[in-house]
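I opened my notebook for a look at cavities and helix packing. Here is what I looked up, entry by entry.

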Amino acid sequence: MKNLLIKEMKLASSPLSYLFLAFAFMTLIPGYPILVGSFFVCLGIFQSFQSIRETNDILYTVLLPIDKRDAVKAKFVFVCFIELLALALMAVLTALRMTLLRDAVVYATNPMMNANLVYLGFAALVFALFNQVFLGGFFKTAYKFGKPFVVFIILSMLLICAAEVLHHIPGLEFLNGNERLGIQAVILIWALGVYAASTAASCARAGNRFEALDL
């Protein structure tokens, strides 16, 4: 598995998957739907799968003396590595906004989603959606990725819109502030749990599909 993961990071992946980690810095943009940054991180990962298809990496991988399920696991581990790296970067920038930049006028009067623990939770849900919809859909054929990515785009945009609307509902204003951090922490932990569980389920299901697939 270690060698497979090294192959994914150095050979199969597109440089854009790493370059698009810079979109995590959208966390600092005031007056903008910053959750879109997590979508662009997924778009960067999508570029790797486009490269994988064009270079016949899937066929090359299964010709190696490995189990087909391990090939799927390596792809999932690579994707999770990028997502968790992005989430960690978002967390550092969120901490900056919640502390040193807490009283900055551009953030205090921001009508859009602010960077806090709930924001990080929603980012984790966007990544969970990508792993379920796109990765799960890709391994139905290990070739076609257009339809699952379009479905992910639609669902992720709906999720981002919902996140932007929720904190405007009376009684839910705390979702956009720096107060009631205990409840915000519970929401974040729940979202991370959803991310872990849904990704594990998607990986298992993708492994079953890929193993039965005749390439």
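**The cavity and its lining**

I began with the lining of the largest cavity, and in this predicted model the residues there are Met113, Val118, Phe122, Ala163, Leu166, His167, Leu175 and Asn176. I then asked which elements give two or more residues to that lining, and found α7 (117–138) and α8 (146–166).

Next I sorted the lining by class. Six of its residues are nonpolar and two are polar, while no charged residue takes part.

How much space lies in the largest cavity? I noted about 30 Å³. Looking for others, I found that the structure holds one cavity of 30 Å³ or more.

I turned to a helix pair. Two packed helices are described by the angle between their axes and the distance between the axes, so I looked up both.

For α1 (residues 2–12) and α5 (residues 68–98), the axes come within 9 Å and cross at roughly 60°.

Which residues make the contact? From α1 I listed Leu4, Leu5, Lys7, Glu8, Met9 and Ala12. From α5 I listed Asp70, Ala71, Ala74, Lys75, Val77, Phe78 and Phe81.

Last, I divided the residues of this contact by class: nine are nonpolar, four are charged and none is polar.

Conventions: Residues numbered from 1 in each chain as written. Predicted model: local features only at pLDDT ≥ 70, side-chain atom pairs only at ≥ 80, totals over all residues. Heavy atoms only, no water. 1 Å grid on protein atoms, 1.4 Å probe; cavity = no way out; pocket = protein on both sides within 12 Å on 5 of 7 lines; lining within 4 Å. Points joined across faces, edges and corners; volume = space filled by probe spheres on them. Helix = DSSP H or I, 4+ residues; strand = E, 2+ residues; numbered from the N terminus. Nonpolar A, V, L, I, M, F, W, Y, C, P; charged D, E, K, R; others polar. Axes fitted to C-alpha atoms, helices over the stretch in contact; angles between N-to-C directions. Contact = heavy atoms within 4.5 Å.
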